[in-house]
Amino acid sequence: MKKFSILSLFVVIVGILVCVSSAYLLSTAILSANIFQNNSSASFDKQIVYAISMDKSETKESLSDKIKELQSQNGAGYIYESENFFYVIASLYENQNDAEKVKSNLETSGVSAEILKIELSEIKIKGNFSAERKEILNKCLRADFDTFKVLYDVAISLDTNVFDKTKAKLQCNNIFSNHISTKTNFQTFFKEDLNNETFKKINENLLSTENILSNLISEVFQNPNQTFSSLIKLSYCQILLK
């Protein structure tokens, strides 16, 4: 009876060890599968932005005076084309309520405006990326949208006197430097992939954004009366809607 008890105890212990080992192997396999899945693709989710349009026309040329007027009043003066019309955009908003408030304030002042809903398409790139390469690629795919958001904050701070022009320019310089870092990391980690059409387009987009930000910090104005606040808004419109 004593031998049977010892044998039974041994069998129970072995059984427990087998269960623990199996559970460990199973959890490791699941974790490994999740890591692979997480690193298998990079993406940018679909986004919606809301534009305040101050005028529209079937021809771009007829809006030139409106553009100059708007840019002298801190508006972007960006021309956005949609469904055979050209719209003069004053600014973009991530939140619809913010756009509605601006539209309401304009109408209270006797100025008519229209809100345009603009969809930014989802981007997904499949591949077996390391965690580091995936992080860099995700940052590149989000670069335009993230740059829009930080430039928007600078423009708002300038318009509300939280920043003076000097502080706003310093912030824009930092944004430019951060973008250069993003572009450089991409070109370093994806150097061998730049002949691939997908990665080539990402690189070209990063270079285009760099050029727009360079014009911003160099204060390349579109007309003599354009304000720096207008130039910031124009820049993030150009970056996001290009």
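1. S41 counts as buried because its relative accessibility is 19% (buried means under 20% relative accessible area, exposed over 50% and partly exposed in between, with a 1.4 Å probe and protein chains only). This residue is found in strand β1, residues 41-44; strands (E, at least two residues) and helices (H or I, at least four) are DSSP runs numbered from the N terminus.

2. The model is predicted: local features need pLDDT of at least 70 and side-chain atom pairs count only at pLDDT 80 or more, while totals for chains, interfaces and linings use all residues. Residues are numbered from 1 along each chain as its sequence is written, and side-chain values use heavy atoms, with hydrogens and water left out.

3. Leaving aside residues up to four places away in sequence, S41 touches K124, I125, K126, G127, F129 and K134 (contact means heavy atoms within 4.5 Å). S41 and K134 lie 93 residues apart in sequence, yet their C-alpha atoms are 7.3 Å apart.

4. Four strands form an open sheet in the order β3-β4-β2-β5, with antiparallel pairing (two strands pair if DSSP finds at least two bridges between them). β3 (78-82) and β5 (114-120) stand at the edges with a single partner strand each, so one side of each has no neighbour in the sheet. From one strand to the next, the twist averages 50° (axes are lines fitted to C-alpha atoms, for helices over the stretch in contact, and angles run from 0 to 180 degrees between N-to-C directions).

5. The antiparallel pairing of β3 with β4 (residues 85-93) runs over 5 bridges, and Y78 stands opposite I89 in β4. Helix α7 (residues 228-241) packs on the sheet, touching β2 (47-57), β3, β4 and β5, and its direction makes about 110° with that of β4.
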